[in-house]
Amino acid sequence: MCGRYASTRSPQDLVQLFGVTDWRPDETLEPSWNVAPTDDVWAVLERAPRGAQEETAPVERQLRPLRWGLVPSWAKDVKVGARMINARVETVHEKPAFRRAFAKRRCLLPADGFYEWEQAKDPATGRPRKQPYFIHPEDDQVMALAGLYEYWRDPEVQRDDDPAWLLTCTVITTEATDAAGRVHPRMPLALTPDHYDAWLDPRHQDADHLRALLGRPADGRLDARPVSTAVNNVRNNGPQLLVPVAP
């Protein structure tokens, strides 16, 4: 799974990196070295302007803050999102919670890297413990994690405007390989810049071709370094979380 990641680039940088044409400067997020489920995260997506005919209107590439943990449109409670932070690529096009989003609501989730935990034994006590690793591209380029997004209508809000709607997202995962596979059996999927357009296009709905666009982050050229267990606490944040430690 992918349960934590780092995302510290500014929205201005992300607008340039991903060719965004629609960003609202009043929507801001602080850099985070410890992004956790239910946090708001930056997402790059394409959709028609609000009120336009979805089938015919030109889409805009947007940078939007979304809540991490997908809430299906039919969910009765927003709390279900905490259990849907990941979608398995093997079944994402079939599962009721994800198949509609996979068909036409795909996004990119910019990340510096992600965390995974390896089962280990504490050398001092002999007790089992989990050692966190920060896994990131060797060249430190941005990772475009493959994601899906969804709209959820809050039944408690009477007005049908922005406060009534919650936008949420999930990260697509696969079997881990290379550096990530030595730490944990699952890892997030990512896209290369030449595949951004096809992935984000809501009119592109060929499931087999869409899945073929997905690949290993940094084409597998990843570095995995042990970091402090301070990352285990979601209240801890800052660049010190990325400092390597003895495993």
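Is Arg186 buried or exposed? Arg186 is buried, with a relative accessible area of 9%; here buried means under 20% relative accessible area, exposed over 50%, and partly exposed in between, using a 1.4 Å probe and protein chains only. Welcome to the close-up views of this predicted model, in which local features need pLDDT of at least 70 and side-chain atom pairs count only at pLDDT 80 or more, while totals for chains, interfaces and linings use all residues. Residues are numbered from 1 along each chain as its sequence is written, and side-chain values use heavy atoms, with hydrogens and water left out.

**View 1. Arg186 pairs with Glu90 in a salt bridge.** The closest N and O atoms of this pair are 3.0 Å apart; a salt bridge is a side-chain nitrogen of Lys or Arg within 4 Å of a carboxyl oxygen of Asp or Glu. Glu90 sits in the loop between strand S6 (86-88) and helix H2 (99-104), and Arg186 in strand S12 (residues 186-188), so the pair ties together parts that are 96 residues apart in sequence. Helices (H or I, at least four residues) and strands (E, at least two) are DSSP runs, numbered from the N terminus. Glu90 counts as partly exposed because its relative accessibility is 30%. Elsewhere, salt bridges that share partners join Arg24, Glu27 and Arg64 into one network. The count for the model comes to 10 salt bridges.

**View 2. Arg9 meets Asp112.** In this salt bridge the closest N and O atoms are 2.5 Å apart. Arg9 belongs to the loop between strand S1 (4-7) and helix H1 (11-17), and Asp112 to the loop between strand S7 (106-111) and strand S8 (113-121), so the contact ties together parts that are 103 residues apart in sequence. Arg9 is partly exposed at 24% relative accessible area, whereas Asp112 is buried at 14%.

**View 3. Asp197 meets Arg61.** Their closest N and O atoms are 2.6 Å apart, forming a salt bridge. Asp197 lies in helix H4 (residues 196-200) and Arg61 in strand S5 (residues 60-68), so this pair ties together parts that are 136 residues apart in sequence. Asp197 counts as exposed, with 51% relative accessibility, while Arg61 counts as buried, with 11%.

View 4. A disulfide is a pair of cysteine sulfur atoms within 2.5 Å, and the structure holds zero of them. Cys107 is buried, with a relative accessible area of 0%, and Cys169 counts as buried at 0%.

**View 5. Glu138, Asp139, Asp140 and Asp223 form a negative surface patch.** Patches are made of residues with over 30% relative accessible area and no salt bridge, with like charges joined within 9 Å and nonpolar side chains (Val, Leu, Ile, Met, Phe, Trp, Tyr) within 5 Å. Asp223 lies in strand S13 (residues 222-226) and is partly exposed at 32% relative accessibility. Asp140 is found in the loop between strand S9 (128-137) and strand S10 (143-153), and is partly exposed at 48%. Its phi is near 60°, a positive value in a residue other than glycine.

**View 6. Thr38 has a positive phi of about 80°, although it is not a glycine.** Thr38 belongs to the loop between strand S3 (32-35) and strand S4 (40-47). At 36% relative accessibility, this threonine counts as partly exposed.

Key:
Areas by Shrake-Rupley, 256 points an atom, 1.4 Å probe, with all protein chains shown as cover. Lys, Arg positive; Asp, Glu negative; His and termini not counted. Charge placed at Lys NZ, Arg CZ, Asp CG, Glu CD.
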